[in-house]
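Please look over the structure below before reading my notes on it.

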Amino acid sequence: MVLLKLQFPLQRRVRLAQGLWLLSWLAVLAGAFTFSLGVYLKTELLRRAEVMDNTEIHVVPNILMLVGLVTMGINLFAGRVCQDSLDSARFPPWKPFLLPWYGLAWMVCVWLLSAVVLSYALQGHLEESLKVGLRNGIRFYRDTDVPGRCFQKETIDRLQMELRCCGNTNYRDWFEVQWISNRYLDFTSKEVKDRVRSNVDGRYLMDGVPFSCCNPGSPRPCLQNHLTDNAAHYNYEHQSEELNLYNRGCRQALVDYYMGLMNTIGPGILSVISLQISVLVSLRYLHTSLEGVDPENPEADSEGYILAKGVKETLMDVKTTVFKLLQFGQVEAGDEAEAGADGEKAATSS
């Protein structure tokens, strides 16, 4: 049973070749677009690498960059095939490469679809990575004179100001760590000594936050210290009054930012998949319609189709072909091993 068979007069074959040439170049641009999206997403992830615990999410931009390059290559090939398709002398040399091209084109579509799926499936991994990374970043905020950590303060401050966020989950995360270096604490002060002694780990904890948590949109001057002490500030109630700090945690801010990128990229990638499938189907119709042309009457009508057999029969044929190739490879490997063994025996006997 031939699947999706269509009649192709000469004029229709010419229009198909011309349209496919245009489609293939659009697909080349789509491949460049996909590669650019991957580079942009990779750059944005690397910008925040200091506050991420792992790089699992990087698989998405890596796939996009790889598939973008492959897409450009296979569609440049398709465009060249279209140029030569109506020339009976120049088209036949391309025929052996078309079957592998179909397989590669389908793989590109699957890879692109997997990138879209992974971008949403890995949200939990991204959130956990940010949770651990931000927790470490906040913990090492004070280590401005420790090699390898001296950049953490600037990183966290810039992050909180750019994304208008505070802490990991919220501003109270800063209450649980000593974020001021001992270098800047006056240990002759009674208040400092009392706070250090009151903590079992000997840390200087306080109900305060760094300046980067302050919301410039608040009408009240920034309150950074004694945030839970109502008596420390005039006309202040920390449980009911909206603080002049950013209320959103940086983990949620980053997750929202990256998922917003994914939501923007997703429809674009789906459009690239649709375009690539259009190129694949069109080239298949062009290929099969040219195969059916009578060599003695090249201007006669011909038939084009997607599959020469039904879907089930085609899959069985592909499976059989793959098994034969695997068996051929095993036989070759066995012959080489036997030849090597015979050579060793000959060398030993001599």
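The notes below start with the basis of the model and then take the disulfides and the helix pair in turn.

1. This is a predicted model, in which local features need pLDDT of at least 70 and side-chain atom pairs count only at pLDDT 80 or more, while totals for chains, interfaces and linings use all residues. Residues are numbered from 1 along each chain as its sequence is written, and side-chain values use heavy atoms, with hydrogens and water left out.

2. Searching the whole structure gives three disulfides, a disulfide being a pair of cysteine sulfur atoms within 2.5 Å. In sequence order of the bonded cysteines, the pairing reads 1-6, 2-3, 4-5.

3. The sulfur atoms of Cys165 and Cys250 are 2.1 Å apart, and the torsion about their S-S bond is about 90°, so this disulfide is right-handed. Cys165 is buried at a relative accessible area of 0% (buried means under 20%, exposed over 50%, partly exposed in between, with a 1.4 Å probe and protein chains only).

4. Cys214 and Cys222 form a disulfide with their sulfur atoms 1.6 Å apart, and with -55° about the S-S bond this link is left-handed. Cys214 counts as buried at 14% relative accessibility, whereas Cys222, at 35%, counts as partly exposed.

5. Helix α2 (residues 59-84) packs against helix α7 (residues 250-291) at an angle of about 30°, with the axes 12 Å apart; helices are DSSP runs (H or I, at least four residues), numbered from the N terminus, and axes are lines fitted to C-alpha atoms over the stretch in contact, with angles running from 0 to 180 degrees between N-to-C directions.

Definitions and conventions. Helix = DSSP H or I, 4+ residues; strand = E, 2+ residues; numbered from the N terminus.
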